[in-house]
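User: I'd like to learn how to read interfaces and helix packing in a model. Could you walk me through one, step by step?

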Amino acid sequence: MTDDRADEGAATERAAPCLLDVAGLTVAYGAVVAVRDVSLSVARGEIVAALGPNGAGKSTLLRAIAGAQKPQRGTVTFDGRPLHGLTPEAVVRRGVALVPEGRHVFPNLTVQENLAIGGIARSDRDEMQADAERWLERFPILGDRSGQLAGTLSGGEQQQLAIARALMSRPRMLLLDEPSLGLAPLFVDRIFELVAELRSDGVTVLLVEQNVHRALDVADRAYVLSVGSVVASGATDTLVEGELERSYLGIGEAG
Amino acid sequence: MSPSEFAQQLINALSLGSIYALLALGLSMVYGVLGMLNFAYGELVTIAGYAMLAATYAGAPFLVVALVGVLAAGIASVLMELIAFRPLRDASFVSLLFTSFAVAQLIQGAFRQAVSVRARGIPVPELFDEALQLGPVRISVLSIITAGIGAISLVALTSFMRRSRAGVAMRAASADFTTARLMGVRANRVISLAFLISGLLAGIAGVLWIARTTSVNPTTGFVPVIQAFIASVIGGLGNLRGAVLGGFFLGTLEVFLQALLPGSLLPYAQAAALLIVVAILYVRPQGLFGQRTAAI
């Protein structure tokens with residue numbers, strides 16, 4: 001395991017200050033270690049993918065960064081300040097928002113209310129309302145259903161809502177956990193278009209995906225995780241296919 | 001049962017039902033957000049009672065006495081969470097359940113030692129004993145006041161939960177606590193708020209309860225907490241709309257069984273009501289409106 005932050009192929013980004021820095025992170029559920037001594041970094045404005053088979057610890061990694069899971073060891077630094085040990089509600093106030101796996105929209109709240117909860121940490125109510133309206137325009141499907149309960153939306157609509165909700169906090173960094181999981185191809189296209197658009201909005205992205213090819217298309221760099229550890233990393237165009245395949249086919253799966 | 005008798009009993013049912021509805025709402029509110037059953041909830045009714053007693057001794061008029069009762073229960077509920085439940089935030093359901101039993105015993109014991117085991121009378125306005133004659137129908141003033149205050153409280157709570165930022169945050173937290181926190185909802189704040197509202201509801205119901213019984217003793221809260229529990233289970237625990245409907249259902253059941261059962265069976269009215277509740281839960285274990293989300 002290297003904790004050398006300068007990954008091969010990241011030469012162009014190296015000059016830019018590193019926004020997120022994860023060092024030696026270990027997370028366990030009881031006796032089951034889900035993430036083992038993982039180090040990674042994301043530069044400002046980058047889109048970085050974390051890939052790997054089921055049980056590789058990708059979701060746990062994102063949840064630990066977001067404060068929803070306490071790490072046993074290691075540090076998470078965002079914009080030069082430590083994030084580890086903070087509650088989820090404090091992490092989002094630092095500018096890091098998570099779109100959880102499985103969307104987790106609030107089914108008993110309307111689309112509008114879901115967006116309002118996304119912006120609950122903000123105090124600029126008028127601007128927030130304007131933001132919500134912008135998102136409803138950007139996702140016309142949601143705009144048509146703004147008064148509808150989120151539980152009545154389709155999976156793809158819920159995913160769009162989950163992303164818009166997280167962006168309502170105006171994060172500097174978005175953590176996306178399996179955004180394309182279980183979606184119809186049309187929605188998958190829409191989601192990846194949006195991820196690409198986030199770059200021009202100035203939002204840095206750490207993306208966890210099962211859909212390796214789509215993720216590699218959109219990301220600048222990728223880390224490959226297997227059984228809780230980083231087994232390969234690099235710029236997406238230089239990542240050797242063989243390394244990816246080995247990690248997917250390789251050794252058993254944990255938690 | 002004649003039509004006028006029916007109208008009379010209907011008002012009684014609405015009145016008792018609204019007390020049960022408020023009680024069940026308070027219990028469900030905390031369950032929805034925290035997933036915990038607070039068995040010390042009945043003690044909030046007792047605390048409202050003793051606060052009323054103290055205010056009465058201080059010579060306050062009844063309106064002030066009632067207000068003191070409501071506020072005391074609200075404050076006690078928030079303190080209860082801060083002192084007894086917050087240190088156990090991540091403990092199991094059973095640990096929290098037992099803790100709440102312990103808190104209930106502690107509060108009962110404190111009143112037994114500090115005041116008396118015996119009941120103390122709380123004088124209420126004479127108006128409460130009067131009845132209005134509307135044509136052939138005689139309706140007790142207290143029943144009208146109780147039903148009215150119940151209705152106002154329910155409307156106020158509904159609009160708070162729907163319109164205010166904090167109310168929407170509470171509904172989000174009761175649907176999915178972790179995700180609500182990830183979005184920035186402050187866990188401690190939303191839990192304190194749930195306990196505050198829960199306590200205020202227990203306080204309002206407590207004042208209405210004591211206006212009927214006109215006395216308080218260390219175990220005054222026992223029957224209310226049991227009824228609240230039954231009503232919220234009928235409605236589906238954690239479901240706010242269900243809690244209200246469960247409360248009115250239980251109140252109606254009790255009043256009409258009292259009115260309809262022949263004299264010799266009257267002592268069994270309570271048992272008969274519980275039997276019907278058991279039958280309902282046998283068919284629908286999740287309650288009549290059971291899901292684990294606050295649907296108000």
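Analyst: Happy to; we will take the interface, then the helix pairs, then the salt bridges. Keep in mind that this is a predicted model.

User: How large is the area buried between chain B and chain A?

Analyst: The general idea is that the size of an interface is often given as the accessible area lost when the parts come together. Here that area is about 2000 Å² between chain B and chain A, and carbon and sulfur atoms give 60% of it. Three residues, Arg165(B), Leu182(B) and Met183(B), supply 40% of the area that chain B buries against chain A, more than any other three residues. As for the contact itself, 20 residues come from chain B and 24 residues from chain A.

User: How many polar contacts and salt bridges are found across the interface of chain B and chain A?

Analyst: The rule finds eight residue pairs in polar contact across the interface, and the count of salt bridges between chain B and chain A is two. One salt bridge joins the side chains of Glu113(A) and Arg171(B), at 2.9 Å from N to O.

User: Which elements of chain B give two or more residues to the side that touches chain A?

Analyst: They are α6 (165–175) and α7 (177–182) of chain B. The largest share, six residues, comes from α6(B). By class, the residues on this side of chain B divide into ten nonpolar, four polar and six charged.

User: Now the helices. How do I describe a packed pair?

Analyst: Two packed helices are described by the angle between their axes and the distance between the axes. Take α1 (residues 3–34) and α9 (residues 222–235) of chain B: their axes come within 8 Å and cross at roughly 75 degrees. That angle makes α1(B) roughly perpendicular to α9(B). Residues making the contact include Tyr20(B) and Leu23(B) of α1(B), with Pro224(B) and Phe229(B) among those of α9(B). The contact has eight nonpolar, three polar and no charged residues.

User: At what angle do the axes of α5 and α8 of chain B cross?

Analyst: The axes of α5 (residues 141–163) and α8 (residues 187–213) of chain B cross at roughly 170 degrees and come within 10 Å. So α5(B) is roughly antiparallel to α8(B). Among the residues that meet are Ile149(B) and Leu157(B) in α5(B), and Ile197(B) and Leu201(B) in α8(B). By class, this contact has ten nonpolar, two polar and one charged residues.

User: How many salt bridges does the structure hold over all chains?

Analyst: Side chains of opposite charge can pair when their charged atoms come close. Over all chains, the structure holds 18 salt bridges. One of them pairs Asp79(A) with Arg172(A), at 2.5 Å from N to O. Asp79(A) lies in the loop between β4 (73–78) and β5 (81–82) of chain A, and Arg172(A) in the loop between α7 (155–167) and β7 (173–177) of chain A, so the pair ties together parts that are 93 residues apart in sequence.

How values were computed
Residues are numbered from 1 along each chain as its sequence is written. Chains are lettered from A and ligands numbered from 1 in the order in which they are written. This is a predicted model: local features need pLDDT of at least 70, side-chain atom pairs count only at pLDDT 80 or more; totals for chains, interfaces and linings use all residues. Side-chain values use heavy atoms; hydrogens and water are left out. Contact means heavy atoms within 4.5 Å. Buried area is the accessible area (1.4 Å probe) that two parts lose on being put together, summed over both. A salt bridge is a side-chain nitrogen of Lys or Arg within 4 Å of a carboxyl oxygen of Asp or Glu. A polar contact is a pair of N or O atoms within 3.5 Å; within protein, one must be able to donate a hydrogen and the other to accept it, and residues adjacent in sequence count only if both atoms are side-chain atoms. Helices (H or I, at least four residues) and strands (E, at least two) are DSSP runs, numbered from the N terminus. Ala, Val, Leu, Ile, Met, Phe, Trp, Tyr, Cys and Pro count as nonpolar, Asp, Glu, Lys and Arg as charged, and the others, Gly among them, as polar. Axes are lines fitted to C-alpha atoms, for helices over the stretch in contact, and angles run from 0 to 180 degrees between N-to-C directions. Angles under 35 degrees count as roughly parallel, over 145 as roughly antiparallel, 65 to 115 as roughly perpendicular and the rest as oblique.
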